[in-house]
Amino acid sequence: MKQDNKNLIKLIIIMAIICFLTASGVMLLVNHSDQDKHTETTPVQSEHPTTDSVTTLPDQHSTRFAHVTDAEKITRLPILMYHDVQDITTSNDGNVLPKEQFEAQLQYLKNNGFTTITVQEFVDAYNGKINLPPKTLLMTFDDGFQSIKTIVAPLLQAYDMYATSFIIGDYIHRPDWHLTADDIQQLQTNNKHINFESHTYNLHQDGVSKGLINEVTTAEIIADNEKMAALLGHPIQIVCYPFGAYSDHAIEGLSQAGVPFAFAIHSGTSSWTYLNDTHTNSAGEQQDPRALPRVRINANMSIETFAELITDN
Ligand SMILES: [Zn+2]
């Protein structure tokens, strides 16, 4: 009886070892076939990026420009200002670009080797953490129009370009013209080619063109910014001044609110943002990170004019 028990225990141990070895073998085979799959698909992906690989790009952005040397990096950057894009052929409103015109600009950027960047890449470049290659620009869209969802974001995805939309918090309840909170959330989840920042929560009001951000208290600027951060689900990196109107008071308020950058409205090729160590422009003036200029892109502008505005001479 005792001997039988010993044999039984031996048998169980042998069975257990066989089971373990079989399972290990299967796992090795599974791992091996995974590796095969990986080595088979990797070269294909790098030659022909799929939509999936494009949408996961922002997570890798800290390394996107790792190859750009200090000698190659740009020291000034155009920040383009757009508003709306509509499915029309010509426009009477300088702020409303015909879709064809916007698409022609994206095609021009693609054909001529331009790079468009995310908010995080802008922040990292401004702070000297990454180098940007020649022909880099930052595209921005004011007011959070519905066309961001219906026209702009799909085109950015198709051309593998990036842009930033400045949302007015108060306007998210105007679904006929403006993005809703739901639209913003869905775009943030599904389309990494569009970033969202603040055009203030309720300091951009109809019929008030002097810019309320210059009138309210610092505490109100801070509270406004907190509402916008809650809406967008992340700390605000950039505030776009309503109507481009800013003052020392507004700059100080945003500084107190912890907002590192703010964009105004200027025009022309001299209106670029200086990325050099001292952020000093060609006139020797130091740029304020909370009063950075932008290059206005007007409707019906020729592609030659567009090219001129984004070329560093
Ligand atoms: Zn605006």
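Helices (H or I, at least four residues) and strands (E, at least two) are DSSP runs, numbered from the N terminus.

**Figure 1. Overview of the predicted model.** The protein comprises 10 helices and 12 strands. This is a predicted model, in which local features need pLDDT of at least 70 and side-chain atom pairs count only at pLDDT 80 or more, while totals for chains, interfaces and linings use all residues. Residues are numbered from 1 along each chain as its sequence is written. Of the 313 residues in the protein, 32% are buried; a residue is buried if 20 or more other C-beta atoms lie within 10 Å of its own, exposed if 12 or fewer, and partly exposed in between, with C-beta atoms placed from the backbone. Two residues are in contact if their C-beta atoms, placed from the backbone, lie within 7 Å. Among contacts between residues at least 6 apart in sequence, 72% join residues at least 24 apart.

**Figure 2. Confidence and residues 21-60.** The pLDDT, which is the predictor's confidence in each residue from 0 to 100, averages 84 over the protein, and 78% of the residues score at least 70. Over residues 21-60 the pLDDT stays under 50, and the model has 8 contacts beyond four places in sequence for this stretch. Where pLDDT is low, the predicted coordinates should not be read in detail.

**Figure 3. Packing of helices H4 and H6.** Two packed helices are described by the angle between their axes and the distance between the axes. Axes are lines fitted to C-alpha atoms, for helices over the stretch in contact, and angles run from 0 to 180 degrees between N-to-C directions. Helix H4 (residues 99-111) packs against helix H6 (residues 147-159) at an angle of about 25 degrees, and their axes are 11 Å apart. H4 is therefore roughly parallel to H6; angles under 35 degrees count as roughly parallel, over 145 as roughly antiparallel, 65 to 115 as roughly perpendicular and the rest as oblique. The contact brings Lys99, Phe102, Glu103, Leu106 and Lys110 of H4 to Ile151, Leu155 and Tyr159 of H6. By class, this contact of H4 with H6 has 5 nonpolar, no polar and 3 charged residues, where Ala, Val, Leu, Ile, Met, Phe, Trp, Tyr, Cys and Pro count as nonpolar, Asp, Glu, Lys and Arg as charged, and the others, Gly among them, as polar.

**Figure 4. Packing of helices H8 and H9.** Helix H8 (residues 218-232) and helix H9 (residues 248-256) have axes that come within 8 Å and cross at roughly 55 degrees. H8 is therefore oblique to H9. From H8, Thr218, Ile221 and Ile222 meet Glu252, Gly253, Leu254 and Gln256 of H9. The residues of this contact of H8 with H9 divide into 3 nonpolar, 3 polar and 1 charged.

**Figure 5. Threonine 63 and isoleucine 130.** Threonine 63 lies in helix H3 (residues 61-64). Threonine 63 counts as exposed because it has 9 C-beta neighbours inside 10 Å. Between threonine 63 and isoleucine 130 there are 8.6 Å in space, C-alpha to C-alpha, although the two are 67 residues apart in sequence.

Figure 6. Most residues other than glycine have a negative phi, and most peptide bonds are trans. Lysine 135, although not a glycine, has a positive phi of about 65 degrees. Lysine 135 is placed in the loop between helix H5 (119-126) and strand S6 (136-142), and counts as partly exposed because it has 16 C-beta neighbours inside 10 Å. Asparagine 300, also not a glycine, has a positive phi of about 65 degrees. The loop between strand S12 (295-296) and helix H10 (303-309) holds asparagine 300, which has 14 C-beta neighbours inside 10 Å and therefore counts as partly exposed.
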